[in-house]
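Please consult the sequence and structure shown below while reading.

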Amino acid sequence: MSADSKNSIISHQTADGHIDFDAVLAENMAKKDADGKNVGQHAMIDYLSGHTQAGAIASGEYKMSNAFTMLGGLQYQYYDTWSKMKILDLLGSDYLLYYNAPYRVGDYIGARYGRTTHHVSAFVEGKYATDRWNMFLGTTVFNGNYRRHDDQKGAVSDWAKGWGVSVKGGALYHLIKAVPRSSRSLSLYANAAFNSRLPYAGVYLASSDLSITNDVTNEKNILGELGVRTTWDGGGMELSAYLASWRNKTLTVSIAKRANEAAEKYQVRGLNALHKGVELTAHQSICNWLSAKAYAMLASWKWKSSGKGVTYDSYSGATLKEYAVYCNNLHVGDAPQTQYGAELKALLPIGRQGTGNNFYATLSWNANADMYADFEPSSRTSESEGDAYKLPSYHLFDATVGWNGVVSKSLRMNVFATCANIFNAVYIQRGIDGKTHDLATFKGYWGAPRMLSFGARLQF
């Protein structure tokens, strides 16, 4: 950390973004006091934290008739945290001068805060089930109470309190119900939910002092799903469509994600997002030793509004600035919005039926597309900025062959070989968007190249 309270992260960095310890040591030994001792500007700290947690749960179920069942319950959780920082290494200096006070190895430094949480929830749910219908409807009420404590001064904040509620329901109807000696079935289902979600404690206590964030409102979620599920001899399929509207989403950006501006904590409020898509899965037994599975997912996940950003000083908790955040119609990052793939699996028994000895082989294909780099909404401060960097789509093929069998009465063995990324595809797995929203400033992780592995498992 730095002695400058406005920058808790050591600012000296090499060209590749690592801490330049040579420059740190030089600066720590450059300034001397009247006694000729080195007055440090930077030091290495040990961040210590812990928590105490306790809770209780009570639930019950009452069967009112053969078809109708009622459920209910209560839950209470107590959670208390603490954190403090301890000087670990002075990096060439004799002491660190911090807010005009000297600190040496072993001294505690900076704020020593903690947080106390009391959380209570209660739920009630009804279920109705017959040969043709499966239905449920339930509601949950939440209450949260949060308080920050300053362990150095022995002071506590006022209590921040909030309420939340969720209502969910669903129904499934069997048009054709599977019966003995027939696997044919056809079912339709629908699910819906409304959730007024209680914000996390960090939203109420966004500053690092004992103040409480004003004008905190619940995040609202409206979710809906429709689907059809069918099976036949040797196979089955499920097709579903969903819509999820997220309203007034609040994001608190951690210091670690904005290390270049570490003295500031960001909170963005008032964001809306819309997720919609369709998903398909299917499986089929081709013959008695070969089966296939396939899946596809097509989605559109976008931010659907702009919001307001608030910047806090990490130490004083003071509001530094407020600004507009522009995210409307930008794609949500860090998740592929188009996915599809398939798998073939062969299982060849060896010897008499039922001995458990077999050769097996699988070949799988997975494809990801329409994936955008992750980004912090707080970084979108101009209407002219567009989407985050769109990662190139890619296809991966994997294969496994093996033998699974009985070695003795008390020992089974599975010997296998796997080849991941058979065609050695070069692809980006995930990452963070850069200033120019392209590959030149993108920082992320490339996927693993072709890999061969061999192994054996023993079961006694």
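## Charges over rings

Arg112 lies over the face of Tyr108, 4.8 Å from the ring centre. A charge is taken to sit over a ring if NZ of Lys or CZ of Arg is within 6 Å of the ring centre and within 35 degrees of the ring normal. Arg197 likewise has its charged end over the ring of Tyr200, at 4.5 Å from the centre.

## Basis and confidence

This is a predicted model, in which local features need pLDDT of at least 70 and side-chain atom pairs count only at pLDDT 80 or more, while totals for chains, interfaces and linings use all residues. Residues are numbered from 1 along each chain as its sequence is written, and side-chain values use heavy atoms, with hydrogens and water left out.

The protein chain has an average pLDDT (the predictor's confidence in each residue, from 0 to 100) of 88, and 92% of the residues score at least 70. Over residues 255-263 the pLDDT is below 50; beyond near neighbours in sequence, this stretch has 19 contacts in the model. Contact means heavy atoms within 4.5 Å.

## Aromatic pairs

The structure holds 10 aromatic pairs. Rings of Phe, Tyr and Trp (its six-membered ring) pair if their centres lie within 6.5 Å; planes under 30 degrees apart count as stacked, over 60 as edge-to-face and the rest as tilted. One of the pairs, Trp365 with Phe397, is stacked, at 6.5 Å centre to centre and 20° between the planes. This pair links distant parts of the chain, 32 residues apart: Trp365 belongs to strand β19 (residues 358-369) and Phe397 to strand β22 (residues 394-408). Strands (E, at least two residues) are DSSP runs, numbered from the N terminus.

Trp365 counts as partly exposed because its relative accessibility is 27%, and Phe397 does so at 26%. Buried means under 20% relative accessible area, exposed over 50%, and partly exposed in between (1.4 Å probe, protein chains only). Ring pairs also join Tyr340, Trp365, Phe397 and Phe423 into a cluster.

## A buried strand residue

Leu271 is placed in strand β14 (residues 264-287). With a relative accessibility of 0%, Leu271 counts as buried. Leaving aside neighbours within four places in sequence, the contacts of Leu271 include Trp246, Arg247, Trp303, Cys327 and Pro377. Leu271 and Trp303 are 32 residues apart along the chain, and their C-alpha atoms are separated by 7.3 Å.

Key:
Helix = DSSP H or I, 4+ residues; strand = E, 2+ residues; numbered from the N terminus.
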